[in-house]
Amino acid sequence: MKEQLYQLFQDSMATTVSFQDLIIRVGMSLVLGLAIFLSYWLSHAGTIYSKKFNINLITLTVLTTTVMAVIVNNIALSLGMVGALSIVRFRTAIKDPRDSTYIFWAIICGICCGAGQYLIAAAGSGAVFVIMLILGRIRNDQRMLICVRCARIHEVDVEGAMYQYFQGRALQRVKNTTAESCEFIYEISRKALERGQENAERPITDTLYDLGAVEYVNIVGQSDEVGS
């Protein structure tokens with residue numbers, strides 16, 4: 001058993017990648033990295049596009065291919081590489097949920113190219129490219145927060161005005177009261193806000209201020225996307 005294991009390690013360490021094969025693998029990873037670069041640029045245009053992050057996707061693909069070319073069929077080196085990389089901890093925050101897809105896409109392409117599986121890398125990349133091109137530009141409907149502070153005696157009047165104005169589409173998220181004042185926070189989609197103002201033909205702010213004793217009305221946009 002010991003001799004078999006020793007022979008397995010010896011055979012794996014003797015396996016090397018020729019210079020020509022290495023150039024092909026790195027070149028293929030560069031092509032796929034450029035495809036990932038183009039997909040990220042198209043799907044993030046006009047939002048929180050990060051040029052530095054997009055360039056890193058190309059380098060991540062090439063570096064993963066390089067590592068795979070070194071450790072392919074080399075059990076001893078692969079175990080050592082896993083141990084070395086396990087101590088690395090990345091704390092960079094993901095600004096957009098789609099970014100995690102691109103990171104895994106780059107790593108998987110690098111692994112496939114490093115192992116010489118070009119067809120699998122190309123087929124998978126083509127499918128993901130089409131999916132992100134069609135669905136990657138979908139945006140969440142931006143939510144709006146309406147903050148109202150008024151006198152306590154107009155508590156019921158404000159709740160009734162909000163319900164009637166938006167036909168129940170505005171959801172009351174927060175209600176803070178004191179002996180003299182009352183504060184509300186309502187959540188509503190931008191489309192519902194615009195539709196309500198079109199039907200009423202006047203802003204919600206005028207409707208609330210007409211009640212009297214309303215200290216302020218703030219309308220704040222709330223989005224899942226975080227700017228860089």
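Reader: Why is Arg173 called exposed?

Author: Arg173 has a relative accessible area of 52%. Exposed means over 50%, buried under 20%, and partly exposed in between (1.4 Å probe, protein chains only), so Arg173 counts as exposed. This is a predicted model, in which local features need pLDDT of at least 70 and side-chain atom pairs count only at pLDDT 80 or more, whereas totals for chains, interfaces and linings use all residues. Residues are numbered from 1 along each chain as its sequence is written, and side-chain values use heavy atoms, with hydrogens and water left out.

Reader: What makes the pairing of Arg173 and Glu187 a salt bridge?

Author: A salt bridge requires a side-chain nitrogen of Lys or Arg within 4 Å of a carboxyl oxygen of Asp or Glu. The N to O distance between Arg173 and Glu187 is 2.8 Å, so the pair meets the criterion. Arg173 lies in strand S2 (residues 171-177) and Glu187 in strand S3 (residues 181-189), 14 residues apart; strands (E, at least two residues) and helices (H or I, at least four) are DSSP runs, numbered from the N terminus. Glu187, at 16% relative accessibility, is buried.

Reader: Why are Arg25 and Asp21 described as about one helical turn apart?

Author: Both belong to helix H2 (residues 19-43), and they are separated by about one helical turn because they are 4 residues apart. Arg25 forms a salt bridge with Asp21, the closest N and O atoms being 2.9 Å apart. Arg25 has a relative accessible area of 10% and is therefore buried, whereas Asp21, at 23%, is partly exposed.

Reader: What makes Ser29 buried, and which residues does Ser29 touch?

Author: Ser29, placed in helix H2, has a relative accessible area of 0% and is therefore buried. Ser29 touches Thr61, Val62, Thr65 and Cys113 (contact means heavy atoms within 4.5 Å), not counting residues up to four places away in sequence.

Reader: How many salt bridges does the structure hold?

Author: The structure holds 7 salt bridges.
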